[in-house]
Structures are given as C-alpha cells and as structure tokens.
Amino acid sequence: MRYDHPRFLDQGEAALTVEFGDAVDAELNALVLALDDAFLRERPQGIRETTPTYRSLLVHYEPLEMSRQALVGWIEQRLPVTVREAKQSRAASGALDCFVAGAPRNDGQEWVVPCCYDPAIAEDIEEAASNLGLPARALAEKHAAADYRAFMYGFAPGWCYLGGLPQALAIPRRLAPRGPTPEGAVLIGGGLSLIATNPMPTGWYVIGRTPERLFSLTREPPFLIAPGEALRFEFIDAATFAALDARAAQGEILARREARA
Amino acid sequence: MSARLLIRAAGPGVTVQDAGRFGYSRFGVTPAGPMDEAAFLTATRAVGAAAAIEVSLGGVALESEGAELAVAIAGGAFDIRLDEAKLPPACLIALAPGARLAIRAGASGAWCYVAIGARFDLPLALGSLSTHARSGIGPKPLAAGDALRLLDVAPALDGAQAIDAPWLARDDAPIRVMLGPQDDYFTPEAIEAFLSSKWRVGARSDRMAYALEGPNLTHSRGHDIVSDGAAIGAIQVPGSGAPFVLMADRQPTGGYPKIATAIGADLGRLAQLRPGETLSFKEVGWVEAVAARAALKNKLAAGAVLTPLAAELSTEKLLAVNLIGGVVSGRE
C-alpha cells in the first residue's frame with residue numbers, strides 16, 4: 001500500500017526513515033528513488049548518506065548541522081513533484097509495472113546481463129520449475145524475456161533485488177534456507193528476482209548464474225548497476241558462461257548498456 | 001626509514017577501524033567503523049591519526065620496529081602494560097623498538113582503541129580503512145605475526161601521559177532510546193516491558209549486534225516488515241521476541257520491526273557492556289537526544305587533559321620506578 005503522505009519515522013536523533021508505503025511495488029520504489037535522487041543531486045549540508053529500500057528512504061543526518069524540522073521541510077518541498085510525476089507517468093505509460101516512465105534513472109537505457117540457466121550450474125532451477133508447474137526451459141525463457149529494474153541492494157554488498165519478475169515465476173521463499181549460493185547466483189523468491197555476489201545461505205531459488213561481478217573491489221567502478229536502473233538477462237550456454245567467467249575474473253566488465261527496446 | 005607495527009599477539013576481533021565507510025549502504029555495504037566512537041576519537045585525536053586498532057576482549061600485544069612511535073590508548077578499563085609497567089586505561093606513550101605494549105581485558109569495558117602517530121600503509125577499500133570481516137571489505141582482522149607498515153611517523157612526546165577524558169568514565173544509568181521507527185508493531189505491554197525491564201547482554205553479541213536477554217517482546221501485527229534501512233543503535237525484534245541492538249557491522253537494511261533506537265550519545269556506553277552485564281532503557285525525545293549529542297561533542301572538542309605520568313605516579317612510589325624505568329629504557 002502507498003500512503004497518501006509519507007511517514008517520517010525517527011531512528012534515533014541522527015537518522016530519519018521516510019516511509020512511502022509498506023509494499024514491494026514499482027511506483028512506491030520510484031517515489032523512494034526520486035527523493036533519493038534529490039539528495040544525490042543537491043547534497044544538502046548535514047546529510048551523511050541515504051539508504052533507499054523498496055518502500056522507504058533512510059536519511060542519515062547530523063542533527064547538529066541540520067535539524068529534524070529543517071530536514072522534513074527540505075523533503076516536503078521536494079515531495080509534491082515526485083508524487084505527481086510518478087502518478088502522471090504511470091497513467092500515461094501503461095508500461096510494465098516496474099517501469100514508471102519519467103521515474104529517476106529511467107533514461108531509456110538498460111543493462112544487459114549474461115545469465116546461464118543450465119541446470120548443471122543453475123542448482124535449483126529444476127526444483128523451482130517443478131514447484132511452479134513449468135518445464136525448466138520455460139522458466140528460463142520467461143525469466144530471460146522479462147524487463148527488470150533494480151529496486152534496492154541489501155543483505156550483503158552487491159546483492160541486487162529486482163522488480164519485474166513475471167507473475168508466472170512468483171514463488172514463495174523456502175521455509176528453511178538452502179546452503180550458500182554459488183558466486184553470481186541469479187535467484188527468484190517472494191515475487192522478485194535477485195542477483196547475488198558472494199556465497200551466502202538463502203531462502204531463494206538459484207535459477208541461473210551470471211559471470212558478471214556486480215561488485216568487485218579491484219575494479220572501477222566497484223558497483224555496476226545503481227538502484228533504479230533497468231536491466232534484462234541475456235541467455236548464455238554453459239560453455240559461454242565458462243569463457244565469460246574467465247574474462248570477468250580478469251576484471252573485464254561483461255554487462256552492456258543498451259537502449260531499451 | 002621504514003617503520004612497522006608488529007602484532008605479537010591478538011585475540012579474535014582485533015581490527016583496524018577508521019570513522020567508517022559511508023556512502024555505500026545503497027549497495028548493501030556495511031558502514032563498520034568504531035564501536036565506541038568517543039573512545040576512538042579520544043585516541044585518534046591525541047596523536048592526529050585517522051584510524052586506530054580496535055582491541056576486543058581478546059587483547060593484543062604490539063611492538064614497534066624501526067622507529068619510536070607515539071601511541072594513544074583509550075576505551076574501556078583495559079589492563080595496559082608497557083613492558084612491566086602498568087599504565088592507566090587511557091594514556092599517551094612513546095613506544096620504542098624493543099618495548100612491548102600489552103593490552104588485555106581489565107576491570108570493565110569491551111573495546112579499547114590504539115592509535116599510532118603515523119599513517120597505516122593500507123589500501124582504502126571504498127574510501128575507508130575499516131575492517132568489515134563478514135564481507136571481507138577492508139583489512140583482514142589482525143593476527144599474531146602481522147606487521148602494519150607505517151608512513152609519516154610523528155615524533156613521540158617525552159615520557160608517558162595519562163589521558164584524562166571524563167566522558168570515558170561510564171556509569172550504569174539507563175541507555176536512552178527514542179521509540180521507533182516501528183514501535184507501532186508492538187503491543188503497549190511489549191513497549192512497557194521493553195522500557196521497564198532489566199536486560200542482559202547475551203553471549204551471541206559482536207560488532208554486528210548485541211543480543212538482549214529478558215522478557216519476550218510481543219509483536220502486535222507480525223514480525224515481518226518490508227525491508228527498511230537500519231541505523232546504528234536500532235533495536236530490532238525478530239519473531240523470537242528477543243531483541244538485538246544493531247551495531248557498527250549491521251546490515252544496512254533489515255526486515256524485522258525496530259522497537260526503538262539508542263541515541264548517539266549513549267552508543268559507546270552500550271558498546272562497552274560485556275556479555276553477561278545488565279542494562280535498562282529510558283525513553284527520551286529528539287530534543288533531549290540532540291542535547292546529549294551536542295554535550296558529548298562539545299566535551300570531545302574541548303579535548304582531553306594530558307598529565308605526565310611520572311609526576312602523577314610519584315605519589316604511588318610503587319609503580320613510579322617501574323614506569324620511568326620502562327619508558328627510559330625503551331628510548332635508549
């Protein structure tokens with residue numbers, strides 16, 4: 001649900017949650033990112049950093065430099081524009097749910113990220129497909145055909161949560177977590193997709209792997225995809241995965257930016 | 001001349017920390033940074049350093065190689081020894097090659113900072129030197145046999161000084177909290193129980209979070225929230241009803257309701273509690289929290305008073321000889 005007016009919730013005296021709603025939703029996320037963009041663009045004095053999530057923006061601030069009242073006022077001045085933009089564009093575009101036209105970072109470009117769905121390395125694709133009542137191949141095709149948007153990062157560095165998963169692939173998370181994910185795991189769970197970086201246990205299903213490193217400390221830039229940016233997956237076979245993985249290990253960036261079709 | 005700081009012994013959880021890694025929470029990166037910021041600033045400002053070694057209850061033993069070093073120590077009431085001489089828990093010393101600085105858990109406190117009048121020759125990771133062990137960002141936790149190369153070594157003061165920093169004398173007054181951001185996920189009884197109970201710091205407490213043992217806190221409308229950013233000091237209550245205080249190594253977002261958040265001025269005092277020690281909470285508003293923040297900042301800005309240790313200890317003849325002997329012999 002999206003609130004008519006955002007809630008301002010204190011996390012102590014030096015952090016303020018601006019909560020736009022309580023759901024995972026493209027329009028809601030676009031509002032969060034529009035406000036986040038205002039902070040990134042204007043960099044007001046006294047703001048340490050902002051943390052966008054699906055439905056809220058956490059503003060870390062120094063209250064001795066900017067009071068809560070001043071911060072809320074600053075945000076309020078920028079809200080009507082973002083709400084109106086998101087509403088109008090949603091009405092006008094009729095686009096996929098995760099694309100709010102005119103939303104921040106919707107510049108008509110998208111990342112193309114290679115992904116291998118071969119069950120040999122996509123460890124859980126058979127299990128997920130069986131739960132969804134689909135052949136594994138159909139799951140892979142549907143996943144690769146969809147348009148996604150990076151909603152937020154969380155959990156661990158470079159774990160990128162994606163909106164835009166087709167409804168047919170909406171699968172609940174596991175009741176108990178599986179073991180650590182392989183590197184570069186592409187997962188589905190809870191109605192979303194996710195690209196993971198380092199191995200961690202998870203309740204999601206590994207349905208693919210990308211040779212791309214979404215996070216690498218030894219590469220500039222260390223992170224490729226910003227919250228709010230669009231992406232799609234490009235189907236690759238196991239041999240291509242192995243070849244690209246070797247190139248990525250050398251620091252090469254494999255994902256491309258292309259005009260969105 | 002190349003100087004190095006030699007790690008002769010280190011318990012688990014001894015790390016390099018600077019102010020923290022900011023600006024990357026949007027990519028899932030933990031800010032890290034010191035557990036007790038006031039103690040960290042006391043040590044680093046005494047020697048003009050940007051980073052310090054954060055010593056856990058496991059302790060550390062350090063030696064200098066190639067140069068005499070100015071070393072400032074501040075934190076909990078740890079047991080500090082320069083060779084055989086016992087030093088106060090907050091002090092500024094000259095560490096000469098051949099002398100051994102040993103820091104162990106003392107009367108109280110969980111963290112102690114050792115700042116060197118030099119720069120660690122370590123690469124910045126995402127703009128920071130702070131170790132985040134779980135994600136492998138920043139330097140590895142320190143271990144016996146490690147050596148940190150030092151650059152821009154500053155001359156050490158003559159003799160040892162006690163650092164008189166009254167803000168490091170922590171009392172057991174309640175930890176002040178502001179309710180929220182998700183206090184509306186709890187029953188009034190749960191909030192009352194949270195504010196009126198005595199809590200114990202659990203054994204499963206570390207740089208990521210402090211577990212609290214006490215009454216179970218009942219959620220009023222489930223224990224799952226759509227992920228939300230998490231600030232340091234936020235007190236998160238998962239389905240078990242047992243709260244956790246999120247600390248420096250917390251994940252930047254989380255999916256459990258946060259009943260309250262410890263205020264900045266009390267975070268260091270909270271961090272210095274050891275597993276098994278008890279605490280309670282008291283609700284305050286934003287104005288009081290900011291006043292406490294300003295008061296601490298002003299005290300820190302006014303600076304600590306340095307008292308030459310030889311003079312102070314001359315009234316305690318017992319230690320004076322050892323101390324002076326230790327310092328003097330260290331400079332030969």
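1. Helices and strands here are DSSP runs, helices (H or I) of at least four residues and strands (E) of at least two, numbered from the N terminus. On that count, chain A has five helices and 12 strands. Keep in mind as you read on that this is a predicted model.

2. Chain B, counted that way, comes out at six helices and 22 strands. The C-alpha trace of chain B spans about 70 × 45 × 30 Å along its principal axes. How does its radius of gyration sit against that of a compact globule? For 332 residues such a globule would come in near 20 Å, and chain B has 21 Å, so the two agree.

3. A word on burial. In chain A, 59% of the 261 residues are buried. For chain B, 55% of the 332 residues fall in that class. The cut-off behind both figures is a relative accessible area under 20%.

4. Now the surfaces. Chain A has an accessible surface of about 10,500 Å², and carbon and sulfur atoms hold 51% of that. For chain B the figure is about 13,100 Å², with 54% belonging to carbon and sulfur.

5. Contacts along the sequence are worth a look too. Take pairs in chain B that are at least 6 apart in sequence and in contact: 77% of these contacts join residues at least 24 apart. Do that for chain A and you get 64%.

6. Where do the charges of chain B sit on average? There are 30 positive and 33 negative ones, and their mean positions are 2 Å apart.

7. On to the interface. Chain B puts 42 residues in contact with 47 residues of chain A. Between the two chains about 3,400 Å² is buried, and carbon and sulfur atoms give 60% of that area. Which residues of chain B lose the most area to chain A? They are B:R26, B:F27 and B:W286, and together they account for 23% of what the chain B side buries.

8. A:P221 is a loop residue, placed between strand 10 (205-209) and strand 11 (230-236) of chain A.

9. Chain B has a cis bond to look at as well: from B:G180 to B:P181, with omega near 15°. B:P181 belongs to the loop that runs between strand 12 (175-179) and helix 2 (188-196) of chain B.

10. You will find A:F155 in the loop between strand 6 (148-153) and strand 7 (160-163) of chain A. A:F155 counts as partly exposed because its relative accessibility is 28%, and that class runs between the 20% and 50% cut-offs.

11. Is B:D152 buried or exposed? Exposed, because its relative accessible area is 55% and the class starts over 50%.

Notes
Residues are numbered from 1 along each chain as its sequence is written. Chains are lettered from A and ligands numbered from 1 in the order in which they are written. This is a predicted model: local features need pLDDT of at least 70, side-chain atom pairs count only at pLDDT 80 or more; totals for chains, interfaces and linings use all residues. Side-chain values use heavy atoms; hydrogens and water are left out. The radius of gyration is taken over C-alpha atoms; the globule rule is 2.2 Å times the number of residues to the power 0.38. Buried means under 20% relative accessible area, exposed over 50%, partly exposed in between (1.4 Å probe, protein chains only). Contact means heavy atoms within 4.5 Å. Accessible areas come from the Shrake-Rupley method with a 1.4 Å probe; for residues, only the protein chains shown count as cover. Lys and Arg count as positive and Asp and Glu as negative; His and the chain ends are not counted. The place of a charge is taken as NZ of Lys, CZ of Arg, CG of Asp or CD of Glu. Buried area is the accessible area (1.4 Å probe) that two parts lose on being put together, summed over both.
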